[in-house]
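Please walk through this structure with attention to its aromatic rings and its strands, and keep the cut-offs in view while reading.

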Amino acid sequence: MPEKAAKKKAVMPETPPKTIAPEIKFESQYFKSNDDKLLRDLPKLPKVGEVQSPKTYDVRPASEIYTEKIQSQMAKEGITREILNSDIFLGEYTVYTSEIKISARDYSAIDGDMVRIWLNGEIVTKVIDLDSGYQKYDYNLKEGLNIIQIEALNIGLSFPNTGQFSFVDGNGKIITEQFWGLNEGYRAIIKVYKKKGLDKEPTNE
């Protein structure tokens, strides 16, 4: 059928209407103050222009940590600074050679322990700086009784002065081996008898 009605143009608005999203109000209960639990666990950020110095940590030498363990063990065994405030006697021994060799080292932490050696009332080695390895010294004995004293000159970085000493005769035979711990100024004493006119231990043959 023919269209009798006149055609009309659609009327378009000059500017399209704006779509406005509904306003949603939300207020967080966190981060309101510096005392907030979450804020306390987070690292603080530097302010603008502020330069933060890097964190520093105390580095403890291994010798100090090891010595603390030794001292703790000594305390459990009842060894204290007061007990070690005295000379110690390492025993009496008989040898058949005029020569004696003494080897010394620090069996604990290497913390600067120093000793000196006396033989029959005279200083024969003024200073030995104890290390992890043995340091060897040769001495001549007189006939009869000889008194050897090892004096603790200090206690190093940590108490006490700790030493290990090996005594060997001129034939290479071990006389004795001793461990000790002393306070500064005290001595470990050993008596060695040199048999007169003998260079070797007598046999039963």
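Is Y107 buried, partly exposed or exposed? Y107 is partly exposed, with a relative accessible area of 27%, where buried means under 20%, exposed over 50% and partly exposed in between, for a 1.4 Å probe and protein chains only. The model is predicted, so that local features need pLDDT of at least 70 and side-chain atom pairs count only at pLDDT 80 or more, while totals for chains, interfaces and linings use all residues. Residues are numbered from 1 along each chain as its sequence is written, and side-chain values use heavy atoms, with hydrogens and water left out.

A search of the whole structure finds 2 aromatic pairs, a term for rings of Phe, Tyr and Trp (its six-membered ring) whose centres lie within 6.5 Å, with planes under 30 degrees apart counted as stacked, over 60 as edge-to-face and the rest as tilted. One of them joins Y107 and F179 edge-to-face, at 5.3 Å centre to centre and 80° between the planes. Y107 lies in the loop between β2 (99-105) and β3 (114-119), whereas F179, 72 residues apart from it, belongs to strand β8 (residues 174-182); strands are DSSP runs of E with at least two residues, numbered from the N terminus. F179 is also partly exposed, at 48% relative accessible area.

Strand β8 leads on to an open sheet of 4 strands, ordered β5-β2-β7-β8 with antiparallel pairing, where pairing requires at least two DSSP bridges between two strands. Its edge strands, β5 (135-140) and β8, each pair on one side only. Between β7 (residues 161-169) and β8 there are 8 bridges, and F167 has T176 in β8 as its bridge partner.
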